[in-house]
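Morning, everyone. I have one model to walk through, so let me put it on the screen.

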Amino acid sequence: MKRIPGAPDGALPIAGSTLYVPGLTNSGYVDGLVIDTGPDESIYEFASADRLAITHGHADHFSCGAYLRKRGATAVAARDDAALVENPDINIRGMFSWAKPGDLLVSKLFRGTPCRVDALVEKWRDKRATPVSLPGHTLGHTGFLTADKVLFTGDALYLEALWARHPLPYAIDPDLVASSLRSLRSVDFDWLVPGHGELVDRETALKDIDFHLAQIAQIEANILEMLITPHSTEECIAAVSAQRGLSDNPAQYWLAVTTVKGYLGDLLSKGLLEFSVVDHAGMWQTAS
Ligand SMILES: [Zn+2]
């Protein structure tokens, strides 16, 4: 494959000077600005990289962060996610109500090499891209729109093709995910690169956004229907996981715990659910 001077190995052009390296986690590149990284440090060996923009604090999005910093890049993340980038253990404890879970319970997506954050997205001044706030998957989740109208969305959007493998995408706040997805429609992009999955054009992306929104609405509707009869938190997690076809493995279960609680919390704050403690168990029911 022909190398593009200065760019990471395997980088493909999208528009203007915006490139991306497709992979397990897609990574963007614009004249020395790297947006998220996959796991392979060797692709940056001959690349010039002065800045790394991190969409959010999940370790699979900044695997090469520490390596790029060592080579002189400045790492940038949003205020609300910076601590997660600097200390991936925070995610691991967060999913277990701040207690320390055993290794078995921890998704590999949360494990990774810490990366110091040098600057906050909130103070961004770099013409190569513009940050787009897309909270919900994490609190500080941020997309980056390059000057060539290519939008890197991290894990804010799951393309339709990805739902077969990820039928319950991780979200700490599904309502925020939904409003971030709606806000994407008014972003002036021609191409969209999700964190995982294929590069899509605007027309396809808009359909994927509709699909993701419809899935969120479907999950909410299923929860409201199920909770016509009271269920404990644990029963809600089990029922939603079964409906979505998740497999019975501990790491997947603990991700589902956060996401299902996210849905329950959102529906409770909208007044659509009621919560009570019965015989020392937290119980949920559709509001009467
Ligand atoms: Zn993520």
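Start with a quick one: in which helix is the place of Asn91? Asn91 sits in helix H3, residues 89–94. Helices here are DSSP runs of H or I with at least four residues, strands are runs of E with at least two, and both are numbered from the N terminus.

Ground rules next. This is a predicted model: local features need pLDDT of at least 70, side-chain atom pairs count only at pLDDT 80 or more, and totals for chains, interfaces and linings use all residues. Residues are numbered from 1 along each chain as its sequence is written, and side-chain values use heavy atoms, with hydrogens and water left out.

Back to Asn91. Is Asn91 buried or exposed? Asn91 is buried, at a relative accessible area of 8%. Buried means under 20% relative accessible area, exposed means over 50%, and partly exposed is in between, with a 1.4 Å probe and protein chains only. Setting aside neighbours within four places in sequence, Asn91 contacts Gly57, His58, Leu84 and Phe110. Contact means heavy atoms within 4.5 Å.

His58 takes us to the metal. The zinc ion has His56 (NE2), His58 (ND1), His137 (NE2) and Asp155 (OD) as protein donors, at 2.2 to 2.3 Å. Donors are N, O and S atoms within 2.8 Å of the metal, or 3.2 Å for Na, K and Ca; water is not among the atoms, so sites may look incomplete. Why is the arrangement irregular? Because the 4 donor atoms subtend angles of 88 to 176° around the zinc ion. Four donors count as tetrahedral if all angles lie between 85 and 135 degrees; four count as square planar and six as octahedral if opposite donors are over 155 degrees apart and all others between 65 and 115; anything else is irregular.

In sequence, the donor residues run H-x1-H-x78-H-x17-D. His58 is in the loop between strand E5 (51–53) and helix H1 (65–70), and His137 is in the loop between strand E8 (129–133) and strand E9 (142–146), so this pair ties together parts 79 residues apart in sequence. Both His58 and His137 are buried.

Now Ala77, in strand E6, residues 74–77. Ala77 is buried, with 1% relative accessible area. Its C-alpha is 7.9 Å from that of Gly57, 20 residues away along the chain.

On to helix H4, residues 174–184. Its buried residues are Pro174, Val177, Ala178, Ser180, Leu181 and Leu184. Down the axis of H4 they fall within an arc of 165°, so they line one face of the helix. That arc is taken over the directions from the helix axis to the C-beta atoms. They pack against strand E10 (150–154), helix H5 (202–226) and helix H7 (250–269).

Next, the cores. A nonpolar core is a set of buried Ala, Val, Leu, Ile, Met, Phe, Trp, Tyr and Cys residues joined through side-chain atoms within 4.5 Å. The largest has 45 residues, and Leu151, Leu168, Leu181, Ile223, Leu227 and Leu264 touch the most other members. H4, H5, helix H6 (233–244) and H7 each supply at least two residues. H7 gives the most, with 8. Apart from this core lies another, of 24 residues, including Cys64 and Cys115.

Last, cysteines. How many disulfides does a search of the whole structure find? It finds 0, where a disulfide is a pair of cysteine sulfur atoms within 2.5 Å. For Cys64, the nearest cysteine sulfur is that of Cys115, 10 Å away. Cys64 is buried at 0% relative accessible area.
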